[in-house]
Structures are given as structure tokens and as C-alpha cells.
Amino acid sequence: RRPPPSGAVTPRRRTPRSKAADAEVLARIRAVCMPGDPESMFHDLHKIGQGASGAVFTARSVGTNQLVAIKQMVLAQQPKKDLIVNENEVRCQSRHPNIVNFLNAFLRRGELWVVMEYMEGGPLTDIVLHSILSEGQIAAIARECLTGLCHLPAHGVIPRAITRANVLMSLRGEVQLRARS
């Protein structure tokens, strides 16, 4: 093959991850996980969605009957495990009323179960498809989103993909961002 002409852009080649890097990521994942089998701690699992990184379920906590959201991710299928680790480490350290808060994580047979607050009103996408919001409602949602967005950089998170699908509502009108870095 001939070399590309000078000034031409050459694509970056991905380098395979080393076993040491994978072991480090797995150790960081374990550090944010609780011991135990999550299947014995939650009941009434119902699948409510499928994202790029895994399935999302609602479930009830055995001890408190609290309704939670659980994202299940098969780690072997995750191309960017380090991003998942970063998100969970930040979620563990940061709590805010306008961010979907992390409650727990479990590692079970190669699956990472991330337990989070559940916003029963659903994503803003569903709300705007089935109702017309007033100017005041739109302003209130925007204010709450901006309050959550202002909180993130202080915790080392530069948010991406803030769309109406990542704005979640409760039945009481609370607004939370599903923040991803």
C-alpha cells in the first residue's frame, strides 16, 4: 500500500485492551458493588426498557417494598467498561434531587446490576407525546433540568445526551436527569 498523501487524515486504530486493564476495571466495578445476590433482595422484576448497554427493570426491594429501577448489563458485551465504572463511581459520591440517584450495585455472574431511583412518571418523551405542556410547565421542567446540569461539573461529570428521553418525571412533578458522562 502507498502511504496517504501528506495532510491526509488517517483513521485511528483501536488497540485491544490488555488483561491487566480489564482486571483493573473489574476491580473498580467490584469496589462500588455490594456483596450478595440481588435476586434475593428484589422481587417483582418487570422489564420496562432496553438501552444500548442493557435492559432496565422495575423491582421492589424485599425489606422496604421500595420501587426501584434496575439496569442489568452483561459486562462482556460492554465496549467501554471504563465509562460504566466512571458513571457508577460518580453516582456513588453524588446525590442531588434533580439527578436520578444511584442506590446500589451488584455483580452477579458477569452481570452488573445498577439499582437507581425509579421515576414512575417516565421520560419526558412519553409525556410530550400524550399531552400539551403549558409555558409554565415547560419553564419549570427547564429550571429543574438546569439545576441538575449545574450540579454535575462540580463532581467531574460533563454530561452528554441530555435529551427528552433522559429527562425523567415523577407522578408528583419532580424532574430528574438520567446523567451520563
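Predicted model: local features only at pLDDT ≥ 70, side-chain atom pairs only at ≥ 80, totals over all residues.
Start with the empty space. Rolling a probe the size of a water molecule over the atoms shows where such space is left. The largest pocket has a volume of about 880 Å³. Its lining is made up of 34 residues. Nearest the centre lie Gly51, Val56, Lys71, Asn166 and Arg178.

Which elements build this lining? At least two residues each come from strand S1 (42-50), strand S3 (67-74), helix H3 (81-93), strand S5 (111-117) and strand S6 (122-123). Helix H3 gives the most, with five residues. By residue type, the lining of the largest pocket divides into 16 nonpolar, nine polar and nine charged residues.

Now turn to the aromatic rings. A pair of aromatic rings is described by the distance of the centres and the angle of the planes. The count here comes to one aromatic pair. Phe42 and Phe106 form it, and the arrangement is edge-to-face. The ring centres are 6.1 Å apart, and the planes stand at 75 degrees. An angle over 60 degrees counts as edge-to-face, so this pair falls in that class.

The cut-off is simple: under 20% means buried.

Next come the charged side chains. Five salt bridges turn up in a search of the whole structure. One of them joins Arg108 to Asp37, with the closest N and O atoms 3.0 Å apart. Arg108 lies in strand S4, while Asp37 lies in the loop between helix H1 (19-32) and helix H2 (38-41). The pair therefore ties together parts that are 71 residues apart in sequence. Arg108 counts as buried, at 11% relative accessibility. Asp37, at 32%, counts as partly exposed. Arg108 and Asp37 also belong to a network of salt bridges, in which they are linked with Glu39.

Two further salt bridges can be followed on the model. The side chains of Arg143 and Glu144 meet at 3.1 Å, N to O. Glu144 is partly exposed, with a relative accessible area of 22%. Arg172 forms a salt bridge with Glu174, and here the closest N and O atoms are 2.8 Å apart. Arg172 is exposed, with a relative accessible area of 64%.

Finish with Ile70, a residue of strand S3. How accessible is Ile70? Its relative accessibility is 0%, so Ile70 counts as buried. What is Ile70 in contact with, leaving aside its neighbours within four places in sequence? The partners are Phe42, Ala55, Val56, Phe57, Ala59, Trp113, Val114 and Val115. Two of these names have come up before. Phe42 is a member of the aromatic pair. Val56 is among the residues that lie nearest the centre of the largest pocket. Ile70 can also be placed relative to Ala105. They are 35 residues apart in sequence and 9.0 Å apart in space, C-alpha to C-alpha.

Notes:
Residues numbered from 1 in each chain as written. Heavy atoms only, no water. 1 Å grid on protein atoms, 1.4 Å probe; cavity = no way out; pocket = protein on both sides within 12 Å on 5 of 7 lines; lining within 4 Å. Points joined across faces, edges and corners; volume = space filled by probe spheres on them. Helix = DSSP H or I, 4+ residues; strand = E, 2+ residues; numbered from the N terminus. Nonpolar A, V, L, I, M, F, W, Y, C, P; charged D, E, K, R; others polar. Phe/Tyr/Trp six-rings, centres within 6.5 Å; stacked < 30°, edge-to-face > 60°. Salt bridge = Lys/Arg side-chain N within 4 Å of Asp/Glu carboxyl O. Buried < 20%, exposed > 50% of the residue type's maximum accessible area, 1.4 Å probe, protein only. Contact = heavy atoms within 4.5 Å.
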